[in-house]
Each structure stands twice: as C-alpha cells, then as structure tokens.
Amino acid sequence: MTRATKSLRQLREDLPLTRRLAYFQTGSYGPTPDSVLRVVAERMAYQSRYGSASPGVTGVLLDQEHRVRRQLADFLGVQREQLAWTSNTSQAMQRVLRSLDWRPGDEILVSSAEHVSTQDACRALEQHREVVIRTFPAEAGDDALLSGLETGLKGRARLVCLSQVSTLDGRRLPARQAAGLARARGVPLMLDGAQAVGQYPVEIPALDCDYYIASGHKWLLGPLGVGFLWVSPDRLSQFRPDFIPDASTWLKPGNPPPPVTASSRSELGTHNYALRIGLGRALEIIEALGPDRIERYVQELVQLLFHELEARPGIRIVTPTKPGLASGLVALELKELGEAELRKLIENLLEQGIVVKYQPERPALRVSVAAFNTREEILRLVDAIDVLTRSRR
Ligand SMILES: Cc1ncc(COP(=O)(O)O)c(C=O)c1O
C-alpha cells in the first residue's frame, strides 16, 4: 500500500459517511471528518466548562485561533494580517462589495459563471446604488472570456468578479490572465475560490488578484460556518466594509487605532473560536494528504468517470474533459430527461445511497469528486445513472 493510498484510507475511516453513502456533493458541503468534529466539540466544551468569559480561557482559544490563521495563511502563501474570517464565501463576497464606495453609473464586471450569491448581490447594487452590471461570458472558452472582459474593462468598471473554478460545470477559468487584464486597467479583481481551495494547490500571490474569497466547509472539509477573505496589501488601507472603526478592539474615543489588518477591519463581535480551530484540524488533514496528490488522485477518478460515460448514449459531459481544464466538479446533461425527470433520477440515486446535486441553471446533474471518493463509487454512479436513464427511455 503506498503512503497516498494509506492516507486516503485513513481519510475514509475519519468519514463514517463513506460507509453509508457514495457522496458526490463536496462542491456544496464537504463532509466533516470525525477528528475535526472532535476538536470543535472539545474546544466548545473547554470554553463552557472553564468559563467562556474567563480571560485565561479566552486567551488560550484566541491563541489557538491565531495559530490556525497563520496555518491558513501559510497554506495559501499569504500573510496572516491579510486574512479575515467570515462564515462562508457569500459573506466574504459581501464584505468586498461593501468596501467599495459605489456611485450611480459605476460598473461591476461579472462572469456568467458566478455563483447565485454574487449575481444576487450585483442585482442589489443595481437596484439600490444604480450600479451597472456587465456580464462577460464564461462558457465559450478562455479566449471568449478574456476578450469579453477586456471589452468590459474599457468602461467604468470598479470591480471584476470571477470564479477560479466554475460552480456550474467545474471548468477552471483563466484567473491569472483575467487578473492581469484587470490590473493593467487598475480595476480590482475579486477571485472566488470556493470551488478551488482544497481541490488543488492554491498560491494566492501567483493569481495576482486583489481579493480572494472561499469557504472552509467545501473541499477543505472544515466544519460548517467558517470561510475567509484575503485582501491584497495594496487594497488593505481602503478595505472598510463596516461602519466600525476597527472591529477587533472596540476602539474607545482617544485610544490609538490598532494596525490595519483584514481582521481589524471586518471581524466584528463574538464568534465561535471552536469552528476556526476545527478548520485547523481539517487543514492538517489536507496538508498531510497534499493538495497536489489530492489533485492527481481526483483527476484519475474524473478521467475514469469521463471514460465510462463516453460509451453511454444520452449523457453529455458539459465539463471540458481535457486534464488541466477539468476539476473535481463535473456537470452532466441527460439529454432525454426533462427537469422533473432529472429531479426524480436524483431522488432514485439517493435511494441507492448515491448523493449528487441538481444543477438548475442548465439543468444538469452535478457530481463532485473528492479525495475520499473511490473508483468503485464512480463505477456504481455510472451504472446507476445508466440503468435509471434506460428505464425512462
Ligand atoms: C463558486 C461559488 N461561490 C460561492 C458559493 C457560496 O458558498 P457559501 O454557501 O459557502 O457562501 C458557492 C457555493 O456552492 C460557489 O460554488
């Protein structure tokens, strides 16, 4: 048994769900390993049993939380002062949008693959601040995306919103090139890494973006309720999403302001230390497996899925199958099935212990292939789809 296989086995042992389900929904919520849950429960119990407000207790927890912030910063290749905790990607995205002083006629450039949370926030900006939404195409390939973006940048853009991996079909979008175009025009770019972090190595500085947002509860397998935001050093002084002067200190009149950090500008009030500390355990798991090994293993599974599906008529793979463009997120169109039939098929899969997502935009079936999935599960999924679609023909 190689080291990689051994540690993947250990990961499955840490995830009792894998004994009951073939779970292909990590793109929505990754399952939380038992060892992560234990850290969260143990830290919450410690806080409650020894006195939540006792300075000693808070000090211990704060120290552990700081260590996880540093661990996450190292994982992403950034400084911890540039990272702020949020509850999820959507909240991180809102913080970025709120930190800009929108004026009527300003433009926001949004790729057509952005998650509904971003699309909704843009519509609210349009409604309440008279901001103009300009959408550039993400589905027609990198060249079309970049040239659409380039055209958009000629207007009055104040922000570009782009996903690193499309939530719709798992295609890796040309983030680095897009950031280069935006930078050349002096327009900040917010990169949504919700479907990227934990799937493969992510070095934020190499992406050249201005803001990076993600969730801990998807591919990182962290506890539900922790996300984060990275703000580039040159955007930090203008980053002010809230009214508060500097949140972490409850600044009193006359006191000197603390150093400007992403955290001091956006982390407000009481929170649950245990969740952030639990994310530290999840990061240890991902680091021990190695993001590059996770990527290689998941790509083997995804290529197996593509290969098995090739021979099945009626199934169209929406995701580009070329390695390098595909991620662990795969969208499938079942050509002969309407919306209601597709929903029914997903229900039938669930009855067989196979969990996939209904993707309403196409509509399609979205399969998230993660490090804890196996070849056997992929084959079971393909067979089950095949049998169910045949019975409906
Ligand atoms: C690309 C992308 N961005 C944002 C989100 C929203 O994530 P959250 O619910 O953690 O805020 C998702 C969720 O699937 C996503 O895929």
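Around the ligand stand 14 residues, and Asn88, Ser90, His115, Thr167 and Ala194 come nearest; a residue is near a molecule if its C-beta atom, placed from the backbone, lies within 6 Å of it. This is a predicted model, in which local features need pLDDT of at least 70, side-chain atom pairs count only at pLDDT 80 or more, and totals for chains, interfaces and linings use all residues. Residues are numbered from 1 along each chain as its sequence is written. By class, the shell around the ligand has 12 polar residues, one nonpolar and one charged. Here Ala, Val, Leu, Ile, Met, Phe, Trp, Tyr, Cys and Pro count as nonpolar, Asp, Glu, Lys and Arg as charged, and the others, Gly among them, as polar.

Next, the helices. The protein has 14 helices and 13 strands, which are DSSP runs numbered from the N terminus (helices: H or I, at least four residues; strands: E, at least two). Helix α6 (residues 142–152) packs with helix α7 (residues 175–184) at an angle of about 15 degrees, and their axes are 10 Å apart. Axes are lines fitted to C-alpha atoms, for helices over the stretch in contact, and angles run from 0 to 180 degrees between N-to-C directions. The angle makes α6 roughly parallel to α7, a term for angles under 35 degrees. Leu146, Leu149 and Glu150 of α6 meet Gln177, Ala178 and Leu181 of α7; contact requires C-beta atoms, placed from the backbone, within 7 Å. This contact has four nonpolar residues, one polar and one charged.

Finally, the C-alpha atoms of the protein fill a box of roughly 75 × 55 × 35 Å, taken along the principal axes.

Terms used: Angles under 35 degrees count as roughly parallel, over 145 as roughly antiparallel, 65 to 115 as roughly perpendicular and the rest as oblique. Two residues are in contact if their C-beta atoms, placed from the backbone, lie within 7 Å.
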